[in-house]
Amino acid sequence: MKKLILFLVFASVFFTLPLTPANAYMVKYKEDWYKLFHVHYQQYPDDCIENIYWLEKAAQADFCNPQYVDFKIETEKQWEKYRYLFQLHINLKLIEQHLRLGRTYDKKCIYFYDAPWKDEYLRNMEKALSCYKAGLYYWQEAKVWCEKANAPSFNFLFITDKQDWEDERERMTTGELDYERMLTREIERLEKNIEELNSMDKTY
């Protein structure tokens, strides 16, 4: 009888608990999706793919209300520039993740004795090539947002709470940060390696 009472008490408590954890929240806005992006000390392909997913969702999502941003926004111009810098930053992070992912499949050098594994190397190198080409797409997107953030109306407006984003914008403007040059170099090298590998026979 005592065990039955204890069971009934436990059951009444258990079944009245909410099914959703108390600290759960809906991932809806750009800022929420971006919080899920993280870089591991040792990043494997699955980690890159996961991050690309979060960043893509962030790029497509709406912004939250300005009062919920992680720093104080006081004017509409600040809000406008913040949005441009955020989009710029997301696209740059997407390039970085595609570069990381591409490098896991890339074969930097081709040797004469690689012929027996030609097909496997070619499959991986095609994956790397698609990653680098995707990076070029995001670079074009980043340039659009950089141009918007460099509008004359923002000449004396700096969001110091997002100094790293401002630095990215400035480095792009001066040409110090140029992923297009880097990606183009990697694509040309990789295409040359693919051509060289395709010309081999598998006799070794």
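Two helices, α2 (30-35) and α4 (76-105), each supply at least two residues of the lining of the largest pocket. Helices here are DSSP runs of H or I with at least four residues, strands are runs of E with at least two, and both are numbered from the N terminus. Before going further, I note that this is a predicted model, in which local features need pLDDT of at least 70, side-chain atom pairs count only at pLDDT 80 or more, and totals for chains, interfaces and linings use all residues. Residues are numbered from 1 along each chain as its sequence is written, and side-chain values use heavy atoms, with hydrogens and water left out.

A pocket is an open set of points, on a 1 Å grid over the protein atoms alone, where a 1.4 Å probe fits, with protein on both sides within 12 Å along at least five of seven lines; lining residues have an atom within 4 Å of a point.

Which helix gives the most to this lining? That is α2, with 4 residues. In total 13 residues line the pocket, and Glu31, Asp32, Lys35, Asp70 and Tyr82 lie nearest its centre. By class, the lining has 8 nonpolar residues, 5 charged and no polar; nonpolar means Ala, Val, Leu, Ile, Met, Phe, Trp, Tyr, Cys and Pro, charged means Asp, Glu, Lys and Arg, and the others, Gly among them, are polar.

Turning to the whole chain, there are 7 helices and 0 strands. Of its 204 residues, 39% count as buried, that is, under 20% relative accessible area with a 1.4 Å probe, protein chains only.

Key: Buried < 20%, exposed > 50% of the residue type's maximum accessible area, 1.4 Å probe, protein only.
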